[in-house]
Amino acid sequence: MLKKISIYLSENPTLRYWIIRPEWVAVILLILSIIASLQLSPFFGDLAFIMDSATPYVEYGLIAIILTLIIISGEIDLSIASMIALTAVIFGTVYNAGFGMPLSVLIGVLSGALCGLFNGILVTKLKIPSIILTIGTLTLYRGIAQALASDFSLGGYPSWFIGIDYRYVGIIPIPVIIFTVFALIVGFLLSSTIYGKQLYLIGTNPQTAKYSGIKVDKIKLLLFTFSGVISGVAGVLTTSRLAVARFNMATGAELEIVLMVMLGGTYIFGGRGNIFGTFVAFWIVVILRSGFNVARIKIESQLTILGAMLIIAIILTNYIYSKSQK
Amino acid sequence: MNLYTKNIGKTFSGVNVLRNVNFTLEPGEVHALVGENGAGKSTFVKILSGVYTPTDGDIFLDNKKIKINTPIAAQKNGVSLIHQEPQSFSHLSVAENIFMGHMDGNNFSRVKWKDINKSSEKILSSIGLKIDPKNIMEGLSIADQQMIEIAGALSKNSKILIMDEPTSPLTPNEVGKLFDIVNQLKAQGMAIIFISHRLEEIRSIANRVTIFRDGDLITTQKINEITNEEIIKYMIGRSIEDIDVKENDFLKKDEVILKVNNISQFGNFKNISFDLKKGEILGFAGLVGAGRTEVAKTIFGAENYDEGDIYFKDNIISNKSPYEAIQKGFAYVPEDRKQMGIFGSVAVEDNITSSIPNEISNKFGLIDTKTVTLKSSEYINKFNIVLTSGRQLIQELSGGNQQKCIISKWLLSNPSILILDEPTRGVDVGVKSEMYEIINQLAAMGTAIILISSELPEILSLAHRIVVMREGQITKILDNKEATQETIMKFAIIS
């Protein structure tokens, strides 16, 4: 039976292409994690509970969407979590200096853009491998945040600003709506427009892309800047949720963000992947993390499990691509 | 060692690419394999060298059945494959490349540098190569790298050498050297399988020839008992005449579209000047490494130049990137198909339309998949590109079909200047003559074409004028009427 299926699939490349895809692993994992967490607590059958559990992860989810694009184009950005902290601290600092809310938000987001632009320029102009460079800026940006804020919590925001995670449309928290709409828009751009297609081409073969007249460096520069912008937005959202900005916000969040992208079946070497996978993987992380907390699994053990999942996700994705597209 | 295969067959994703191959190879013979792209010869040698495992059939060595399931198993059985494009570790030394994977001792032994350097020197001098084994590979010519691969095979005491189109990246002079070595190995009893598309070469080196077509072994003959016409007939079932240079109306108008004035790129080329007219095919001849590709890439904006001017339609231009060049109507079909020509794991359709983003999308950037299929299938049909569907990944196609896709991609962009860098490398006779026809048609429609080729007959039968380069400089621009293989070679080699 299995053999018959595999022969049938090999004769139908289009069907094979659709059936053997790593995103399905994410979908299956999502179903499994829902079933497992239902054993822990009946709350996991409650959509409102899941939605509420999701709000703290929306900031990561937004960045995971952009990181998906970056990884598809063959690069990586590990400075994302530090950019959340730095932009939040800058936002808090300028607000407390009396700049007013709209201007402070703008400055926070713009500082993210600058951080991203800096990453982008060093990667495209000086040809520094992004994995090394962004490990460097991961430390650098966190360091600047610490220098700016020391160990203080920057608070004092108006009450309307605090607690975006408690604002709802129906049962859906506003951050979840922001995340879903953003995923839909970026997913559409990636799958259906020429800009999206060019990301895949760049990730598949940057040389050929250059010789085909695709502005490889410019596109990568934009992606890194965009990553900074969204980190800035995430920085402001996090500050709203926590009511304070601190230098050690989102410490270690790179792991979860990269995990979302990898679980979603994006190929670590570039050229393959999509937003749907990352979107599904976001919910896996939400349910797992909430499940861990309900099951009272210690935070240290949670990291072990997440780290192991990241490695398994990468291995599975590579394996599936090697089977479906030789 | 006698090699014999019985009913070898191979199936890829349900497609039968090789059927019932019964093949013999004797010591001391050069056995040529010929066939169109996709005929099965590459698949066959990949089976012999352990890259692929056969779906059916058996391999016998000296009447003993053997299994060659990995490249290492092939080497243990004395079979070595010399790749078309040398596969070397460019940052390691020549000696390390030769002894890669089979140095003395176990995995924890120290490297016996003296021994491997000495042995390397001995092997290299036995094939007449004067290279210090301590040199690193980087910077060596393709011909030298190929020789070093052969040296590697010799160091493993290989008895069977498979050479997959070894001459295609070489200049005629280097081919001569290679053949001296092949003859020497043959005399020592080595059995050699030699794949080539060049019949003259096969005639001068091979004892027997085996012809493949569409996955079948058609026939094996002694080379002196078969004519070229017969070989071609077995390969494709039709005959190919020599073509002459075709004049066209555009050329008579004498309209210069590109004028290159004394451009230099330090270290690579110096004082390059030439004109290119509408409807002209301008050949670039010279040895590999003469700087032809660098000049082409510079005109296309992929590399910078240090001095000189380039005029396009009488305006001074400087292409800072391929993007800028493409906007002006330049197109470049690169020499290195795999690295710069194709998007391997991307569908054929998307490869072909990658040069025309604006034509396959609306003003918001939304892709019209119907247009993608329509535009690409026009050329897929026109050039008879063999595939299962437009969504098939381009890396699954044969080399010749990939090349047709790349040319289609650039023709879609309607270039006014088309630069072809070794466009027929690794392409079979049938596709080659199709390409010649396409090139002539384009010129007749007014496209100005720069044709870089290491095959002199190709340049002579296509180019109206021939620029000969040597060590980064133009030594002569010949008119087709005064050019012969001898005159071109003279200017390519002697200053």
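Here is a short walk through one strand of chain B and one lysine elsewhere in that chain. The model is predicted, so local features need pLDDT of at least 70 and side-chain atom pairs count only at pLDDT 80 or more, while totals for chains, interfaces and linings use all residues. Residues are numbered from 1 along each chain as its sequence is written, with chains lettered from A and ligands numbered from 1 in the order in which they are written.

Let's start with strand β7(B), residues 160-164; strands are DSSP runs of E with at least two residues, helices are runs of H or I with at least four, and both are numbered from the N terminus. In β7(B), 5 of the 5 residues are buried, so the strand is largely enclosed by the rest of the structure. Buried means 20 or more other C-beta atoms within 10 Å of a residue's own, exposed means 12 or fewer, and partly exposed lies in between, with C-beta atoms placed from the backbone. I160(B), I162(B) and D164(B) cover one side, and L161(B) and M163(B) the other.

Now look at the partners of β7(B). Strand β6(B), residues 79-82, pairs with β7(B) in the parallel sense over 4 bridges; pairing requires at least two DSSP bridges. Here S80(B) stands opposite L161(B). Strand β8(B), residues 191-195, is also a parallel partner of β7(B), over 5 bridges, and M163(B) stands opposite F194(B).

Finally, visit K476(B) in strand β20(B), residues 473-479. K476(B) is partly exposed, with 17 other C-beta atoms within 10 Å.
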